[in-house]
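I opened my notebook to record what I looked up in this model. My notes follow the order of my questions.

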Amino acid sequence: MASVAESLLTSISEIIESVTCIEQEKESFAEIGCYLYRVFPVIMELQTTEHTPKNAMVILQSLSRSITEAKDLVNKCQRGTNSNFDSELKGTISLLERVIEDMGECLSSIPSSTFQDQEYAEVAVQALSNEMCSAHFEVCQSQVLQTKELDPHKSFSEEEPNEEPVMVESDLYPVSLEVSTDNSRFLNTPHFIEIQKPTSLNRQRKSSSSSSSTSLLKMTEYIEPMYETFFCPLTKQIMDDPVTIQSGETYDRKAITKWLEESENSQEIFCPITGKKLLSRVLRTNVALKTTIEEWKERNEVARIKCSRSALVLSASPSMVLEAIRDLQEICKRKQHNKIQVHNAGILPLLFKLLEYRDRDVIYEALELLRELIKEDDDSKMVISEMVDISTVIKMMSIGHRPIRHAALLLLLEISRSQSLWEKIGSVPGGILMLIRIKYNLSVDAFSSETADEILRNLERSPENIKMMAENGFLEPLLKHLTEGTEEMQTEMAEYLGEIALGHDSKTYVAERASPALIKMVHSRITQKQAVSATFLAKLPHQSLTLNLALLSKNTVPAILQQINQIQRTGIRTSRYAIPYLEGLVGILVRFTTTLYEPRILFLARNYNFTSVLTEMLMKTSSDEVQRLAAVGLENLSLESISLSKPPVIKKTKFLKLFYPPKFLFSGSSKKRKLPVCPVHRGACSSQNTFCLVDAKAVERLLACLDHENVEVVEAALSAICTLLDDKVDVVKSVGMLCEVNATQHVLNVVKEHKGEGLRQKSFWLIDRFLLKGGKRPASDISQDRLLPTTLVSAFHHGDIDTRQMAEKILRHLNKMPDFPTSHYTM
């Protein structure tokens, strides 16, 4: 049955296309086409109804025979060129009249059960059947329909009444119209003649296709019977707001207002139809007529929706589909309820299918109609999001065809206004990245850029989307919510900042923008928000002098030290966020040790004795991360000791005092203590002023950390110890000092316990220094270790190039390898 129905719809479309090309008896053929088009929704109803009548196939087959006959007759008229064509035309129209009557009788055989509770549909089909059964088409070739243009400045009496007015059917709201035709009640209006004029599309097409589609859709205005009173005498269009003037005639408000304005300078004003002089300009709404027109429009719009659906299902030509979509757009714009009718008619799936149509104009109009359907309706947005793949719309944003690109962006903008769809849009792979790219292409397409920006502003209300934007390089939403959002949002954004993988430049930018908010969060009691803020501040690029100075200016260090002391004193059980908070605070202290070249920060580190603070943290903590950070900080401080440690300065007395020595020289002993000289740094050292690890007693604690299970802690401690064997220090004395605290054995244990390349390289470097500068004692300890040669050989065979070279040097020292270069033999 479905194939028969589709065939019928195709044939009707072809007939309508043909009748528009016949020049003779246009009005009769237009009326025939109108009847056929009104059969469209009836066939669709039979095809889609859940209550298919038993005689449905019989009805369709009967309609098929009639439509086939009508098609042959119309084609015959279209081809007719012989001398007897006029006489044959009359016979053909008579045959078409009989075909229409047969179709009307066929429609009358549809049982009432088909429509169930759709009483309106049954009434409409029965009315159509009755009209078709009594259809009559007159052949009057010489008749020409003319419409006289009324001059608003010319009185009724001045016109030349060459024709006798014809009385037409009147109804409850009669108006007198000047008509010069004997045709049916709606074919005598110029408005109907317009159904044969093709409407313009976005681009030029063949005239036949345009004419066909125009006729097809224009006929929908006459699916429901109408009265002459619906038409404004001035515009010959159906009135939207009928008003009655003093003469008793009714016009459309806009039309008569314009008439009166144009007649404003005239001494006297006359009624455009009756010619009566008007003493008042008062316009009274014709409520009854307006209500009747509105009811007619509602009934007609239901039929138009069904007809448009038929055209979309048929998809015979791009022009037909375009006109159907545009008609639906017009219907939807008229009132919100019509959108519901369109939804219920099953238009949405057809529109989604059209997004893959071959014609660009169809895709554009389908997107526009979808946008119109979901305006200010979250339920419709949800329906569309479930029925259509949003990624399809997003892909269209990158299409080279600008109208489609703009329409896709506007549709996505409308969808993005629904809170329930924010995350669904953001979850489309590459969707946010594409929107960001479009946003920044302002010079290429300003409209697309502004629309994409508005979509992103809608999407950033979802934290997940903010994270996605940050990952794709758009950090502004994250920073904005970090500084201006709710406390919950600030915490979530700060936490995400600690997780996200940002490049160095991005981290520097974030540090400059976010530091005020993060610093403010740190100065508070221990909560998740404070822990997250401190952690992120600690992880931002340590070399960011701007951020470090910002922390300094906010007097952050005293507060941090106070919080650290409080946590160490009360323990970590005070809050479940105590450990991450402590780690973040220590990390903030450590970041200062990377910019000690700045005098203000150097003064800060000295003033608060960073060396002693970090040394204490090596042992007084239950956090591996705190130990690691403390070792890193001590390494940075120790590197500065080399330049800060200076030989003691002996003050010279004045020349005259050489002859008069001070009195204290004659006393038994000096009251002044000589400044101690650091054996490692060769100068006057202290833990506070030069950050000396030896003076701070940090060496023993760093060596203890070498026995730690956490590899990162061990490696950080090794790095700090390595600073004591730098070429710029007294390596011999430093090795001696380290040997006294059994450093050699600690390092050998590291080599045995850990196999990581980084740890082995640092350990081998230290062993090599011990062998070169330490003398007999460290050499003896190292050579007596039975497992070391095995470890060195394994590293020589399997390590990277740096590790192999270090292992080779130590093996040579231990006489385990020939004393000549072998690097070119190693693999």
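What covers the buried residues of α16? I looked and found that the cover includes α13 (360-374), α14 (378-387) and α15 (390-396). It also includes α17 (422-426), α18 (431-439) and α19 (446-459). I note here that the model is predicted.

**Entry: helix α16**

I checked the span next. Helix α16 runs over residues 402-415 and has 14 residues. From its first C-alpha to its last, α16 reaches 20 Å, close to the 20 Å expected at 1.5 Å a residue. Then I looked at burial. α16 is mostly covered, with 11 of its 14 residues buried. Among them are I404, A407, A408, L411 and I415. I also found R405, H406 and E414 in the buried list.

**Entry: the whole protein**

I stepped back. The protein has 38 helices and three strands. Of its 827 residues, 49% are buried. I then took contacts between residues at least 6 apart in sequence, and 71% of these join residues at least 24 apart.

**Entry: the cores**

Which residues have the most contacts inside the largest nonpolar core? I noted L702, L706, L738 and I767, in a core of 100 residues. Leaving out residues up to four places away in sequence, I767 touches V747, L748, V751, I782, L788 and I810. A second, separate core has 56 residues, including Y357, L367, L370 and F474.

**Entry: helix α38**

α38 covers residues 801-813, which is 13 residues, and reaches 19 Å, close to the expected 18 Å. After α38 comes N815, and its phi is positive, near 60 degrees.

**Entry: a helix pair**

How do α27 and α30 lie relative to each other? I looked at the axes of α27 (residues 578-592) and α30 (residues 624-644). They come within 9 Å and cross at roughly 5 degrees. Angles under 35 degrees count as roughly parallel, so α27 and α30 are roughly parallel to each other. On the α27 side, I listed L582, E583, V586, G587 and V590. They meet E625, V626, L629, V632, G633 and N636 in α30. By class, this contact has six nonpolar, three polar and two charged residues.

Note on methods. Residues are numbered from 1 along each chain as its sequence is written. This is a predicted model: local features need pLDDT of at least 70, side-chain atom pairs count only at pLDDT 80 or more; totals for chains, interfaces and linings use all residues. Side-chain values use heavy atoms; hydrogens and water are left out. Axes are lines fitted to C-alpha atoms, for helices over the stretch in contact, and angles run from 0 to 180 degrees between N-to-C directions. Helices (H or I, at least four residues) and strands (E, at least two) are DSSP runs, numbered from the N terminus. Angles under 35 degrees count as roughly parallel, over 145 as roughly antiparallel, 65 to 115 as roughly perpendicular and the rest as oblique. Contact means heavy atoms within 4.5 Å. Ala, Val, Leu, Ile, Met, Phe, Trp, Tyr, Cys and Pro count as nonpolar, Asp, Glu, Lys and Arg as charged, and the others, Gly among them, as polar. A nonpolar core is a set of buried Ala, Val, Leu, Ile, Met, Phe, Trp, Tyr and Cys residues joined through side-chain atoms within 4.5 Å. Buried means under 20% relative accessible area, exposed over 50%, partly exposed in between (1.4 Å probe, protein chains only). The expected span of a helix is 1.5 Å times one less than its number of residues.
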